[in-house]
Amino acid sequence: MPSNDSTCEFDVAILGGGPVGSALALLLAKLSPAPERIVLLQSDSASRYGYAPETDPRVLAVNHGSRVLLESLNAWPERCADIRTIHVSQRGRLGSTLIKQTDFGVPQLGCVVRYGALIQQLTHAVKASGVSVRHAATAEIVCQHAATVELSHGQDTLHAAIAVQADGGNPTEIRRTYKQMALLTKVRASIPRAGWAFERFTREGPLAVLPHPEAADQQSVVWCCTPERAEQLHKLNPKDFSLALTQAFGTRLGSLEVQDKVSMFPLALSVRATPVDGRIIAIGNAAQTLHPVAGQGLNLGLRDAASLAIALRDWMVLSNQQPSAALRQFLQMRQPDRQLTTRLTDLMSRVFTSGWPVVEHSAGLALLAMDMLPGLRAPLARHLLQGLRL
Ligand SMILES: Cc1cc2nc3c(=O)[nH]c(=O)nc-3n(C[C@H](O)[C@H](O)[C@H](O)COP(=O)(O)OP(=O)(O)OC[C@H]3O[C@@H](n4cnc5c(N)ncnc54)[C@H](O)[C@@H]3O)c2cc1C
């Protein structure tokens, strides 16, 4: 039964043109007979972390599934660094595990891309897709009626049959503050190892060293530690920061020498219990903002976008119908993956910082056991590398 009233000029309004909102716009454009009835509303002000998209210093480890998706959307950045081996270890305790690309028969375990480069590619692809794009102002959802969602964008009022929040989340919904900050920078190693990524669990938080996408001889560092320690480290001169980093990471890559300014990101967990409210759907960081350990946030967000597009496939050609059945299907499809990935990253970010020697030692033994028993290692690694299969 037709249900949308005639004031609805858009089928779908997407709030936020970050990687997840842009990917959804592209997926829906492929399914829609009228892509111009999809509108992407992107604010030009800085994100919640204080950066404009092009200058955001994040480098993102993207898994094989996400790469395949982004390539299919013509949105894969030109420059990326392959990860072929992942070394996971714990500072000051026994236990490490090695995950190799050969264990899974894939060309690489994942790739590292720069946030700004990814956004640039996605923006080009969205421009070519026929989707309507509105820049500058911040979009807000005003209210939802029986058949439409009313939105404001600057001085304009818009109506859409459904609205998708892909705005990176609302810090007021925080469920756990990790009492950790992430320090990001670029380093040069005196003994580089091409294609190797390291995740080292320390008492203060995880420390990741990844291949850098735009400097073959350099590494990206994501160092999570307490806010007090982060402030201290942030004030150090490059030489002293490099020494402190090498001390925390160990000598697997020789000594590490910082090559760039150090940026800070506050870390918190925020999860919406139900990412669908009537005709409003949240995806990506707006649905769940995770700790960056194991690099899961974007990968999970892209799976949200892919599942929403699958659920809306039929509705996109009959958008005057009620979308409720499609949105119920989306909810069912997403809950297991969201819950598992959220719990896993939450556990991983905290287990080695508990301060309880027995817990930390057991976690170290679990790493050791995983290394010796590929049967244990494979399902965990497969989930982190590929996500749940749709
Ligand atoms: C230090 C760090 C390292 C990370 N590393 C990894 C990693 O290795 N791998 C991984 O998978 N994930 C990683 N993540 C997580 C990843 O960055 C996020 O999951 C991902 O960026 C989420 O994308 P998004 O599009 O949902 O949100 P965002 O990237 O936040 O984009 C949202 C966009 O919406 C815009 N916006 C906000 N409000 C409005 C509004 N009202 N109207 C219009 N536009 C609006 C913002 O300006 C922004 O451009 C990391 C995160 C951090 C902090």
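I count two strands as paired if DSSP finds at least two bridges between them. Strands (E, at least two residues) and helices (H or I, at least four) are DSSP runs, numbered from the N terminus.

The model is predicted: local features need pLDDT of at least 70, side-chain atom pairs count only at pLDDT 80 or more, and totals for chains, interfaces and linings use all residues. Residues are numbered from 1 along each chain as its sequence is written, and side-chain values use heavy atoms, with hydrogens and water left out.

**Entry 1: around β10**

I started with the hairpin of β10 and β11, which has two residues between the strands. Gly154 takes a positive phi near 60 degrees there. β10 (residues 149-153) and β11 (residues 156-165) run antiparallel, joined by five bridges. On the other pairing, I found β9 (residues 139-144) antiparallel to β10, also with five bridges. That hairpin has four residues between its strands.

I then followed Ser152. It is the bridge partner of Glu140, and Ser152 stands opposite Thr157 in β11.

I checked burial next (buried is under 20% relative accessible area, exposed over 50%, partly exposed in between; 1.4 Å probe, protein chains only). Four of the five residues of β10 are buried, so the strand is largely enclosed by the rest of the structure.

**Entry 2: β14 and His212**

I looked up β14 (205-211) and β15 (218-225), with His212 in the loop between them. Seven of the seven residues of β14 are buried. β13 (residues 196-202) joins β14 through five antiparallel bridges, and two residues separate them in a hairpin. β14 and β15 pair antiparallel over five bridges, in a hairpin with six residues between. Ala208 is the partner of Glu199, and Val222 in β15 is the partner of Ala208.

His212 is buried, at 10% relative accessible area. Its side chain reaches the backbone nitrogen of Ala215 at 3.5 Å. For contacts I took heavy atoms within 4.5 Å. Leaving out residues up to four places away in sequence, His212 touches Val59, Ala81, Lys186, Gln218, Gln219 and Ser220.

**Entry 3: second largest pocket**

Helix α4 (residues 115-129) gives the largest share of the lining, five residues.

Methods: Polar contact = N/O pair within 3.5 Å; in protein donor to acceptor, adjacent residues only side chain to side chain.
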